[in-house]
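These are my notes from a first look through the structure. I wrote down each thing as I looked it up.

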Amino acid sequence: MATDTSTSTESTGFDLPPIVGKVLSNRRIGLGLAILLPIALVAILGETVAPYDPTATHVADRYAGPGGQFLLGTDHLGRDLLSRVILGGRTSLLLGFGATALALLVGVPIGLTAGYAKGRVDELLMRIMDIIMSVPTLLLGLLILVVLPSNILNVVMAIGVVYAPRIARVTRSATLSVSEEEYVMAAKARGESSPYILFREILPNVTGPIVVEGSVRVGYAIMIGTSLSFLGLGAGPPNPDWGFMISTARDHIYQTPWFLIWPSVALLLTVMATNLIGDGLRDVLDPREVGDHS
Amino acid sequence: MPSRDSHTTVGTDRRSVLKLGATLGTLGITGLAGCMGGGDDNEGSGNGDGGDTIESDDSNDGTEESPDSLPRGGTFVVGAQQGVQTMSPFRGFLADYLLGEAMYDRLTRVNQSFEVEPNLAKDWEANDDYTVWTFNLREDVAFNNMDGQTMTAADVKASYDFLTSEAFSGSASSLSGVNSLSVVDETTVEVALDEPDLNFTKRIAETGGAFFVVPKAVLDDDPAKLEDTDYGTGPLQLETWNQKNDITFSANSDYHIEGVDGEPLPYFDELKWNILSDNIQRANSLSDGSIDAVSRTSPNVAGRVSDSATLVKQTSGLQYPIVLNTTVEPLDDPKVRKAIKYALDREQILKAVSPEGVLGHHSGVTPVHTYYNDDLEVGDTFGTTANVEKAKELLSEAGYGDGLEMQTFHYDDGVPSKEVIAQLFQQQMKQVGIEFEINRLTEETWLSDYWNAEGEWYITNYSTRVLGSTVPQLALRSEGPWNEAKWSNDAFDEAFARATSATSEEEKAEAMKEMQRINHQEGAWVGTFHPKIYGGYKDYVQNYDLYPTYIKDFLSECAVDK
């Protein structure tokens, strides 16, 4: 497609100071951060702020309601729900951001290569990505975790693999539109290597759509990670994990609803916050101006 | 709605048997429910099984009494936890056994009081030392899907040969100790045992590792035909099989065992086995009337069940011992094993998993068993709560005064209680400096890769069956094929040998109790608890009850009057 060189460069570029200003002034992003940052802070501080060891059992106090010795109550083994929700947040955020980071690490180079090389390389890489994407997300995650031991790192890896093709496709699309730009031609003329052109010339100019896609993926990654944990393929007990807490709590719903409510609320807020941030970034960076999204 | 709470014991030798999944027997979660009463009016009588009784102190409404009459007809819909992967009566998991018993028969059977009664054999006799048993077969029993072909001694012999052949990959534990089975004539077979067995007729009434009789022609043609077709002689005949949703059976109108009204069992026309894997879903289905009874449920939904149906409870013979493999460090050190027993807080585990259950010994014989050693206190030597100081002292003597880091502790997802036990066990051991990670496995992975393997420690699970001595026989004596802990104790083996060869109940009881004492004090099993099991039924269902055994079913003796 034909585009005005200067316009395209400006719109797809990541002109830091103005972008930062736009990001900070976006209300969706602000609200998302206002929700997410406290959750993340508490999760990072973890044991420091948790009132109890999240794995310590107090069987005599099981099914305790909110208030009293245990602020949010206890689960079926008398474990403090507040402490488990706090530490469970660490697991969920690690899943969300870790898996997205992995997806970016894998997907961006593939997308850059496909979009820049075009031809058979593009066809081969994108058809492989299409094959992976043709398998339902949760099913693919399940398949990977059936083969690998279910621990937090493997869950991160599974979700990262699942989302890498989506990142690759967005990256390729953006790359296609900038790979014919004059500054890329100039780099080629200077005899620069392909890796240099990909990562120094093209990548900085396709960062916008990648950031937007990545931010959206964080929320999805948390959801799929929680779903896998719900199905028993997460970190595994006794580690606190929202998905597994919700799964276990179902069996005890008639004893105490709080066991189910707190991790569900925490999950809801976290995913809502990441989605708000993702939507806000999309507004600010407006990837539609990047051009071809075929 | 009312609730009933039973504390039934299983009588006489009652070799309890391990039910251990796929090729080893079933593996399960809670108990079983079924229907009682009815019975039959066959005159055949067994001998050598004296004293086989259920002692029940049920404080219930009396529905466990045999009724004078029961309604006939209708469809009985059971909410089942599991479906089946095969219709073969010889292998599989819990549901396979329950349904296998509905479709197939053995030479003998037990009634709801766990007394031996005739089945395919109309009567029998044993020689003086109980090593040779002669069974006279019924002549009027026809196989399903075999064009009216009747069962003969040749079918019994063929079934025995199949179950004891190398080609058979499952467990035929009820035939353990059988030396040979020979055909005397078309309606008579003779079984020779390796050693005396007072309770042989009860052993072959077992459902797990069962000696079901199938047509010789099918075995000769292709035993795989049993996988999807019902060739049984049982009270129910397979109609439709949807692996994911439901299984439907129709009544065998010519069944040879009669109900209280003198007509063939079952009382209902049709049984629907609706597969509802989720506890809450089963409770809700019972509540809305889409099922008539739920054969397994958990204490967590007991309140939901009792809102709209009769809740039944039964003290079970299920047990979930922690197996300490004695061939690996540091579990090869008896002091470490004893330290673990001292560090265990069994009361805490019981309260968390099954507050209405009971504690037993670390012996492998459960309190529902007649030979349970009442002389041995539950808290003998090790107590029922943690003795941290004593545990640390023993660990220090064993050279682990500064703490002990163990290999990963495994449990499987086939029994939800195991996850709770594992987490509490981890916390309790931490108090005495024993640290380890816990790891959940799928039931299939545990059975194939970890169960009875070298160098592992994990939670296993056993159920009491009709007979009682099979756990010691298979899993506790030195030469036992399922000796998971690789534990060897000469005194225990000697007591086992005495129990096995005993020709009087007194002698057998004494030896069985001695075995329990030795295993409790010296063994490599860490006992946890015996759960209460729960079920429920609508008020129009009659003769429904729970039993302490796990895979014994009396569904064909239920009646519905909708």
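Predicted model: local features only at pLDDT ≥ 70, side-chain atom pairs only at ≥ 80, totals over all residues.

Sheet in chain B. I began with an open sheet of four strands, and I read its order as β7-β8-β10-β9 (chain B), with antiparallel pairing. I noted that β7 (121-126) and β9 (178-185) of chain B stand at the edges; each has a single partner strand, so one side of each is left without a neighbour in the sheet. On average, neighbouring strands of this sheet are turned by 20° against each other, direction ignored.

Strand pair. I then followed β9(B) to its partner, strand β10 (residues 188-193) of chain B, and found antiparallel pairing over six bridges. Within this pair, I found Ser180(B) opposite Ala192(B) of β10(B).

Helix on the sheet. Which strands does helix α3 (residues 153-163) of chain B lie across? I found that α3 lies across β8 (132-137), β9 and β10 of chain B. Its direction is at about 160° to β9(B).

Chain B as a whole. I looked up the secondary structure of chain B and got 15 helices and 27 strands. Chain B has 562 residues, of which 59% count as buried. Among the contacts in chain B with a separation of 6 or more, 76% are between residues 24 or more positions apart.

Helix pair in chain B. I took helix α8 (residues 334-343) of chain B and helix α10 (residues 388-397) of chain B next; they pack at an angle of about 165°, with their axes 8 Å apart. That angle makes α8(B) roughly antiparallel to α10(B). I recorded their crossing as left-handed. On the α8(B) side, the residues making the contact include Lys335(B), Val336(B) and Tyr342(B). On the α10(B) side, they include Val388(B), Leu394(B) and Glu397(B). By class, I have eight nonpolar, no polar and four charged residues in the contact of α8(B) with α10(B).

Helix pair in chain A. I looked up helix α5 (residues 119-134) of chain A against helix α7 (residues 152-178) of chain A, and found an angle of about 140° with the axes 9 Å apart. The two helices, α5(A) and α7(A), are therefore oblique to each other. I noted that α5(A) passes α7(A) in a left-handed crossing. From α5(A), the contact uses Met126(A), Met129(A), Ile132(A) and Met133(A). From α7(A), it uses Pro165(A), Arg166(A), Ala168(A), Arg169(A) and Arg172(A). The contact of α5(A) with α7(A) has six nonpolar, no polar and three charged residues.

One residue. I picked Phe492(B), which is found in helix α14 (residues 490-501) of chain B. Is Phe492(B) buried or exposed? I have Phe492(B) as buried, because 22 other C-beta atoms lie within 10 Å and the cut-off for buried is 20 or more. Not counting residues up to four places away in sequence, Phe492(B) touches Leu476(B), Arg477(B), Met515(B), Ile518(B) and Asn519(B). I also checked Lys216(B), 276 residues from Phe492(B) along the chain; their C-alpha atoms are separated by 41 Å.

Between the chains. Last, I looked at where chain A and chain B touch: 19 residues from chain B and 14 residues from chain A take part. On the chain B side, α6 (279-288), α7 (302-308), α9 (346-353), α11 (416-430) and β20 (438-441) each supply at least two residues. The largest share of that side, six residues, comes from α11(B). I sorted the residues of chain B that touch chain A into five nonpolar, nine polar and five charged.

Notes
Residues numbered from 1 in each chain as written. Chains lettered and ligands numbered in written order. Contact = placed C-beta atoms within 7 Å. Nonpolar A, V, L, I, M, F, W, Y, C, P; charged D, E, K, R; others polar. Buried ≥ 20, exposed ≤ 12 C-beta atoms within 10 Å, placed from the backbone. Pairing = 2+ DSSP bridges. Axes fitted to C-alpha atoms, helices over the stretch in contact; angles between N-to-C directions. Parallel < 35°, antiparallel > 145°, perpendicular 65-115°, else oblique. Left-handed = near helix turned anticlockwise from the far one by under 90°.
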